[in-house]
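Hi there,

Here is the structure I promised to pass on to you. Have a look at it first, and then read on for what turned up in it.

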Amino acid sequence: MVFLFLVLEIISFTMIVKNQNYHKSIFLTSSNKVVSEIYVINNSIFEFFRLKGANENLSEENTALKNEIIELKGRLSTILPRQKDSLKFNIPPEMEYKFISAKVINNSTNKIQNYITLNKGFSDGIKVDMGVVCDEGVVGIIKTVSENFSVVIPILNERLKVNCKFIKSNYSGPLQWSGLDYRYANLEDIARHVEFSLGDSLVTSGFTNAFPEGIPVGTIEDFKIKPSDSYYNINVKLAVNFRTLSYVKVINYLNYREQKYLEKVAEQ
Amino acid sequence: MLVFIQNIFLFIILILVQVLALNNIQFLGYINPYIYILFIFTIPVRTPQWLTLVLSFLIGIIIDIFSNTMGMHAFACVLIGFLRPYVIKLFISIDEGNNPTPTFYTFGVGVYVKYVVALVLIHHFTLFFIEAFSFQHIFIVFSKAFFSSIVSILIILGIRSIKTK
């Protein structure tokens with residue numbers, strides 16, 4: 001009996017330790033087919049109750065976008081140059097990001113390591129390491145992908161650090177979750193001489209391939225510094241409410257492979 | 001045979017309730033009750049120990065698959081499956097030839113409450129400490145485990161007191 005007990009405990013413990021790696025097996029996670037189907041059914045029932053809020057958000061966003069289109073059309077018509085006579089294909093910097101919209105079908109905010117499951121997978125063009133955002137701001141990074149589903153490692157997971165910067169001063173540092181409250185996270189590596197104040201906004205720095213520059217992350221809620229410290233202890237209020245997350249956009253960075261390749265060559 | 005079928009039903013229902021309802025609930029922001037372990041409490045006393053361990057592992061790993069926490073629930077469940085006979089022996093002596101299912105009626109109210117409290121505390125503290133995987137957040141983990149245990153114990157005893165016999 002003691003032998004069987006030890007065998008089962010060692011099996012479980014091995015799984016836990018293996019799972020500490022960034023990528024885990026698709027078979028035993030919620031990207032698994034059966035598990036995700038059950039979550040889809042469950043979600044379709046409870047989605048009904050969130051429809052009102054979702055509709056309001058959509059119509060607001062819709063109007064904002066329409067206004068933007070009209071404004072941009074006006075501006076474009078005045079500055080558009082003649083089409084260049086060239087067959088060479090390249091993606092201009094302002095068009096190198098494409099969005100794939102997806103729906104959240106499973107989400108947790110109460111663990112120290114939380115995960116989000118989405119209803120799109122590699123058949124929809126999602127790949128590992130792509131960034132995930134929603135209308136309010138940054139959500140996380142794609143961790144595993146199966147044919148029709150994918151799992152996101154959100155900001156609410158200690159293993160993810162998102163590099164972000166102050167809009168005002170451009171100083172940047174990694175943002176990490178503190179493990180307790182789903183509304184707040186900590187900003188690290190901001191040195192003593194940096195000047196900022198409560199309520200300052202943080203955006204993504206664009207130094208990682210997952211996110212373009214300037215996506216909202218949060219605002220400064222509170223900060224502390226002891227006389228002996230050289231770095232601030234900053235508490236950030238996150239822009240995204242993870243408890244009510246239902247639709248997200250996955251960022252497809254079209255020049256990802258070229259940039260990765262170039263950086264690899266440069267390191268050799 | 002009837003007990004066998006009842007337990008299969010309990011197994012499925014507890015997993016669905018845990019995964020679809022309770023995993024989405026947070027009292028006060030961080031209290032997350034785990035009531036699926038009621039299945040392990042309900043296995044008849046004289047069930048062979050190897051079967052108890054395998055069943056504990058099975059329910060643990062299924063919860064793990066649903067909540068993306070590989071091995072953590074399985075680990076905690078196998079531990080309480082293993083300790084269960086010793087906890088029972090500690091509080092009550094069962095006659096030879098009897099094979100009762102642990103409830104208020106067969107154990108008596110006091111003993112059953114003690115039995116549930118002991119195993120829930122062991123399970124929750126193991127689970128929450130494995131989840132954190134470090135002693136860095138010892139205070140957060142401790143308070144999470146403690147308050148979640150209280151809520152789980154109340155829910156489990158509540159379910160047991162509704163169900164007659």
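Strand β2 (residues 116-118) and strand β5 (residues 150-154) of chain A pair with each other in the antiparallel sense, over 3 bridges. To find the spot on screen, look for Thr117(A), which stands opposite Val151(A) in β5(A). Please keep in mind that this is a predicted model.

The β2-β5 pair belongs to a closed barrel of 6 strands in chain A, which runs β1-β2-β5-β4-β3-β12 with antiparallel pairing. From one strand to the next, the twist averages 45°. Helix α2 (residues 33-47) of chain A packs on this sheet, where it touches β1 (97-107) and β12 (247-253) of chain A. The direction of helix α2 makes about 90° with that of β1(A).

- β6 (residues 162-166) and β9 (residues 201-204) of chain A are antiparallel and share 3 bridges. Phe166(A) stands opposite Leu202(A) in β9(A).
- β9(A) is also joined to β10(A) by 3 bridges, and these two run antiparallel. Leu202(A) turns up here too, with Gly218(A) as its bridge partner in β10(A).

Next, the salt bridges. Side chains of opposite charge can pair when their charged atoms come close. A search of the whole structure finds 6 salt bridges over all chains. One of them joins the side chains of Lys161(A) and Glu188(A), at 3.8 Å from N to O. Lys161(A) lies in the loop between β5 and β6 of chain A, and Glu188(A) in the loop between β8 (184-187) and β9, so the pair ties together parts that are 27 residues apart in sequence.

Finally, please look at where the chains meet. How many residues does each chain give to the contact? Chain B gives 36 residues and chain A gives 37. Between them the two chains bury about 3500 Å², with 65% of it on carbon and sulfur atoms. On the side of chain B, Phe66(B), Asn68(B) and Met70(B) lose the most area to chain A, together 20% of what that side buries.

How many salt bridges are there between chain B and chain A? The count is 0, while the rule for polar contacts finds 3 residue pairs across this interface. Several helices of chain B give two or more residues to the side that touches chain A: α1 (2-21), α3 (49-67), α4 (72-91), α6 (109-132) and α7 (138-162). Of the elements on that side, α3(B) gives the most, with 9 residues. By residue type, the side of chain B that touches chain A divides into 24 nonpolar, 10 polar and 2 charged.

Enjoy exploring, and write back with any questions!

Best wishes

Notes. Residues are numbered from 1 along each chain as its sequence is written. Chains are lettered from A and ligands numbered from 1 in the order in which they are written. This is a predicted model: local features need pLDDT of at least 70, side-chain atom pairs count only at pLDDT 80 or more; totals for chains, interfaces and linings use all residues. Side-chain values use heavy atoms; hydrogens and water are left out. Contact means heavy atoms within 4.5 Å. Buried area is the accessible area (1.4 Å probe) that two parts lose on being put together, summed over both. A salt bridge is a side-chain nitrogen of Lys or Arg within 4 Å of a carboxyl oxygen of Asp or Glu. A polar contact is a pair of N or O atoms within 3.5 Å; within protein, one must be able to donate a hydrogen and the other to accept it, and residues adjacent in sequence count only if both atoms are side-chain atoms. Helices (H or I, at least four residues) and strands (E, at least two) are DSSP runs, numbered from the N terminus. Ala, Val, Leu, Ile, Met, Phe, Trp, Tyr, Cys and Pro count as nonpolar, Asp, Glu, Lys and Arg as charged, and the others, Gly among them, as polar. Two strands pair if DSSP finds at least two bridges between them. Axes are lines fitted to C-alpha atoms, for helices over the stretch in contact, and angles run from 0 to 180 degrees between N-to-C directions.
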